[in-house]
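Thanks for coming, everyone. Let me put the model up on the screen.

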Amino acid sequence: MTIFDEYKTYSGELTISPSLLWEYDLSHFDWWKSRKIVVQRVIERGWLKDYFAAFKLYNGIDGFREIIKEVPSLSFRDINFVCIVFGLKKEELRCYTRKLLREQLLNS
């Protein structure tokens, strides 16, 4: 994971950009219950510092990786990105299996 190698030594601000969650009131936001939304937004639109903040928030890279598996929707481009960077298989991702099921349903 060369892109995230400096995660543990990063000394900058470690908060998720409020612009990623613009439609939510962050003063009353439940970060654990909304973890799938947060991880999805970080993958889709986040900067490197947002990834670092999410790693801190969700028990490191391994915790983030487990949440990725639960995310209900990602583009094929983002699916390929997370599979390469986090060492996942497409079949492990809920968003990929949902896309396959949807295609099977539409083609039947």
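First, the ground rules. This is a predicted model, where local features need pLDDT of at least 70, side-chain atom pairs count only at pLDDT 80 or more, and totals for chains, interfaces and linings use all residues. Residues are numbered from 1 along each chain as its sequence is written, and side-chain values use heavy atoms, with hydrogens and water left out.

Start with helix H1, residues 35–45. Helices here are DSSP runs (H or I, at least four residues), numbered from the N terminus. Among the buried residues of H1 are Arg35, Val38, Val39 and Val42. Buried means under 20% relative accessible area (1.4 Å probe, protein chains only). The buried residues of H1 pack against helices H2 (48–57), H3 (60–68) and H4 (76–86). Contact there means heavy atoms within 4.5 Å.

Now the rings. Rings of Phe, Tyr and Trp (its six-membered ring) pair if their centres lie within 6.5 Å; planes under 30 degrees apart are stacked, over 60 edge-to-face, the rest tilted. By that rule, the count is 16 aromatic pairs. Take Phe55 and Phe86: edge-to-face, 6.3 Å centre to centre, 85° between the planes. Phe55 lies in H2 and Phe86 in H4, so this pair ties together parts 31 residues apart in sequence. Both Phe55 and Phe86 are buried. Phe86 also pairs with Phe64, tilted, at 5.4 Å and 40°. Phe64 sits in H3, 22 residues from Phe86. Phe64 is buried too.

Last, charges. Arg35 lies over the face of Trp32, 4.4 Å from the ring centre. The rule: NZ of Lys or CZ of Arg within 6 Å of the ring centre and within 35 degrees of the ring normal. Lys99 lies over Phe76, at 4.8 Å.

Key. Buried < 20%, exposed > 50% of the residue type's maximum accessible area, 1.4 Å probe, protein only. Helix = DSSP H or I, 4+ residues; strand = E, 2+ residues; numbered from the N terminus.
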